[in-house]
Amino acid sequence: MASAGAKSLPMPPERTSARVAWIAWAVLLVIVCVGLADKMANRPDEPLTNRSEEYASRQWWSQGDLYRPFTGEFFLYLPHAAILYTPFHAGPDLPRNVAVRVVYVAFFVAALFLFAGLGDRRRRGQRFLLMTLVCIPLAGHSARGAQMNLPLAACMLLAAVAIARARWTWATVWLVLGVALKPLGIVWFLLAVGLWPREMGWRAAIGVVVLAAFPFAFGPPDYVARQYADFWHKMTVESAPTRGFRDIRGLLTAGLGIEVSHEALLVVRMLAAVATLAVAWVARRRWSLTGAALALYVLGAAYLMPFNPKTEGPTYT
């Protein structure tokens, strides 16, 4: 009896695969923008998810509070995100909302295309198409809401590409930018430093200093310091949410009917972080730099989905 050999998935030729993937993303973007225009014209009372970033950006430039009242869930990012959102908070409502979605999707897709080129570049187009088919259903949700999940994922994909090519400074830039856009990027940042302390350690230290100083270039020191303090307080409140999310707590409570305290879940998250780092170390020791970079991205994402206390459906992008 003939032995079963490895078989490849039936795929279009390389150039055709890449072309189909790009067309698919363009179609998604058209659908998102048309749906947005319809919603704003016919259902103006329905809120847009990115209104929190718009609000925070305007508040920053008028030196208003970004995070108060602390009982609300409106803006949950660092002050950096409010500053970086500035190009999209001015101008007519529809064009600026279309623009932010185009930029977010384009950034994510470009990063995905570069990520698909790791390893054998002769199959980049086919990998890009496979990744597109996997990503589009969930990315569409984030694109409709112009959520930071897309640019965060793009930064982490680009960081993985930079590490695979031993471009440590660029890896640090992308990791720091990811944290600036969404605090969840800290997981990949710490994981990268833990895996490559010699290459990433001093660069990461400089990156943290630049990250901390960045808002002071755009606001009075006392105002910036107050926003930092408010952000920290907001994060302590939001680390123990009262409603359910799609994390391990949601699985245990809604799925299995098991109530677990937030203190116990904190211990579970810490143990899971140590286990994730241990698995990543095994990958680094046994695999090439490219394989270890891929493991960095995958393990960081895999950790965040169940152990981020505020995981929602679009986060799975």
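This is a predicted model: local features need pLDDT of at least 70, side-chain atom pairs count only at pLDDT 80 or more; totals for chains, interfaces and linings use all residues.
Helix H6 is followed by alanine 166, whose phi is positive, near 60°. Residues are numbered from 1 along each chain as its sequence is written, and side-chain values use heavy atoms, with hydrogens and water left out.

When I say helix, I mean a DSSP run of H or I with at least four residues; strands would be E runs of at least two, and the numbering goes from the N terminus.

Back to alanine 166. This residue is not a glycine, yet its phi is positive. Most residues other than glycine have a negative phi, and most peptide bonds are trans. Alanine 166 sits in the loop between H6 and helix H7, which covers 168–181. The cut-offs are under 20% relative accessible area for buried, over 50% for exposed, and partly exposed in between, with a 1.4 Å probe and protein chains only.

Alanine 146, in the loop between helix H5 (124–145) and H6, has a positive phi of about 50°. At 1% relative accessibility, alanine 146 is buried.

Now H6 itself. Of its 16 residues, 16 are buried, so the helix is largely enclosed by the rest of the structure.

What does H6 pack against? One partner is helix H13, residues 289–307: the two axes come within 8 Å and cross at roughly 160°. That makes H6 roughly antiparallel to H13. Axes here are lines fitted to C-alpha atoms, for helices over the stretch in contact, and angles run from 0 to 180 degrees between N-to-C directions. Under 35 degrees is roughly parallel, over 145 roughly antiparallel, 65 to 115 roughly perpendicular, and the rest oblique. The crossing of H6 and H13 is right-handed; that is, the near helix is turned clockwise from the far one by less than a right angle, with anticlockwise being left-handed.

On the H6 side, the contact (heavy atoms within 4.5 Å) includes Ala153, Met156 and Leu157, and on the H13 side it includes Leu289, Thr290 and Tyr297. The contact residues divide into ten nonpolar, one polar and no charged. Nonpolar covers Ala, Val, Leu, Ile, Met, Phe, Trp, Tyr, Cys and Pro; charged covers Asp, Glu, Lys and Arg; the others, Gly among them, are polar.

Next, H7. Its axis and that of helix H9 (residues 197–213) come within 9 Å and cross at roughly 40°, and the two are therefore oblique to each other. Among the residues that meet are Trp168 and Leu175 in H7, and Glu199 and Arg203 in H9. This contact divides into nine nonpolar, three polar and two charged.

Last, the loop between helix H2 (51–61) and helix H3 (79–84), where proline 69 is found. The peptide bond from arginine 68 to proline 69 is cis, with omega near 0°. Phenylalanine 74 is in the loop between H2 and H3 too. Phenylalanine 74 touches Arg51, Ser52 and Tyr55, leaving aside residues up to four places away in sequence.
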